[in-house]
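Here is a short briefing for a first look. Please keep the sequence and the model in view while reading.

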Amino acid sequence: MTCRVASIKRETRETNVSVELNLDGSGQFDVECDIQFLKHMVETLARYADFDIKLKATGDNDHHLIEDVAITLGKALRDALGEQPIERMATSTVVMDDAMVMTSLDLVDRPYCEADCPDPLYIHFFRSFAMTAGITLHILVIRGFDDHHVIEAGFKSMGKALKEAVKVRDTELSNKGSVKIQ
């Protein structure tokens with residue numbers, strides 16, 4: 001098995017984001033971010049996906065930083081996956097106190113995102129992540145009233161689904177065979 005890692009930097013006039021991602025990690029993280037809640041969510045994603053994530057992110061405002069972290073993480077995921085056959089699809093439901101959130105995803109090059117989320121900035125995070133990673137992502141809030149719990153349960157369930165979906169297989173899981181887009 002080849003090493004499934006990626007290192008991505010995204011620098012704009014508004015943000016400076018760097019990510020090191022190891023899909024075959026153990027949930028270790030080293031996150032420096034201007035937004036403490038975003039820092040907490042990236043750490044949560046790392047822990048629940050069992051990805052090792054090292055991230056540094058600074059920016060001029062919350063919108064730009066949340067978007068660019070999502071884009072950079074999405075690009076890192078796409079690059080780290082490589083060409084090996086993987087499980088591709090997974091679903092995970094997570095509860096956190098009042099919140100129950102289900103994530104279903106497919107790591108196929110058909111980007112789409114429907115994400116229930118009480119905060120438009122984090123809806124934008126999930127969409128930016130999915131579009132850049134080239135994945136189909138559905139996050140459904142089954143119940144919940146505390147915004148923090150709902151958003152965090154979304155990151156936890158997405159992490160657990162990603163953990164299952166990136167597992168290496170012996171053969172491609174597709175009736176089409178291997179799809180190449182150039």
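Predicted model: local features only at pLDDT ≥ 70, side-chain atom pairs only at ≥ 80, totals over all residues.

Residues are numbered from 1 along each chain as its sequence is written, and side-chain values use heavy atoms, with hydrogens and water left out.

**The sheet**

- Four strands make an open sheet with mixed pairing, in the order β1-β2-β4-β3. Strands (E, at least two residues) and helices (H or I, at least four) are DSSP runs, numbered from the N terminus. Two strands pair if DSSP finds at least two bridges between them.
- β1 (5-11) and β3 are the edge strands, and each pairs on one side only.
- On average, neighbouring strands of this sheet are turned by 5° against each other, with direction ignored. Axes here are lines fitted to C-alpha atoms, for helices over the stretch in contact, and angles run from 0 to 180 degrees between N-to-C directions.
- Strand β2 (residues 15-22) runs antiparallel to β4, and eight bridges join them. Glu20 has Lys54 of β4 as its bridge partner. Asn16 stands opposite Thr58 in β4.
- β3 and β4 pair in the parallel sense, over five bridges. Asp30 stands opposite Lys54 in β4.

**Helix α1**

- Helix α1 (residues 36-49) has 14 residues, which should span 20 Å at 1.5 Å a residue. Its end C-alpha atoms are 20 Å apart, which agrees. The expected span is 1.5 Å times one less than the number of residues.
- α1 packs on the sheet and touches β3 and β4. The direction of α1 makes about 160° with that of β3. Contact means heavy atoms within 4.5 Å.
- The buried residues of α1 are Leu38, Met41, Val42, Glu43, Thr44, Leu45, Ala46 and Ala49. Buried means under 20% relative accessible area, exposed over 50%, and partly exposed in between (1.4 Å probe, protein chains only).
- The cover over these buried residues includes β3 (29-33), β4 (52-59), α2, α3 (120-133) and α4.
- Just after α1, Asp50 takes a positive phi of about 60°.

**Helix α2**

- Helix α2 (residues 62-81) has 20 residues. Its first and last C-alpha atoms are 29 Å apart, close to the 28 Å expected at 1.5 Å a residue.
- Why is α2 described as largely enclosed by the rest of the structure? Of its 20 residues, 14 are buried, so the rest of the structure largely encloses α2.
- α2 lies across β1, β2, β3 and β4, and runs at about 30° to β2.
- Asn61 caps the N-terminal end of α2, with a side-chain oxygen 3.1 Å from the backbone nitrogen of His63.
- Gly82 follows α2, and its phi is positive, near 65°.

- Glu152 lies in helix α4 (residues 147-165). Glu152 is buried, with a relative accessible area of 6%. Leaving aside neighbours within four places in sequence, Glu152 is in contact with His40, Met41, Thr44 and Met96.
- Thr132 lies in helix α3. Thr132 is partly exposed, at 22% relative accessible area. Leaving aside neighbours within four places in sequence, Thr132 is in contact with Ile71, Gly74, Lys75 and Arg78.
- The side chain of Thr132 reaches the backbone oxygen of Ser128 at 2.9 Å. A polar contact is a pair of N or O atoms within 3.5 Å; within protein, one must be able to donate a hydrogen and the other to accept it, and residues adjacent in sequence count only if both atoms are side-chain atoms.
- Thr132 and Ala161 are 29 residues apart along the chain, and their C-alpha atoms are separated by 18 Å.

**The cysteines**

- A disulfide is a covalent bond between the sulfur atoms of two cysteines. The cut-off used is a pair of cysteine sulfur atoms within 2.5 Å.
- A search of the whole structure finds zero disulfides.
- The cysteine sulfur closest to that of Cys33 is in Cys117, 16 Å away, too far for a bond. Cys33 counts as buried, at 9% relative accessibility.
- Cys117 is in no disulfide either, and the nearest cysteine sulfur, that of Cys113, is 9.9 Å away. Cys117 is buried, with a relative accessible area of 14%.
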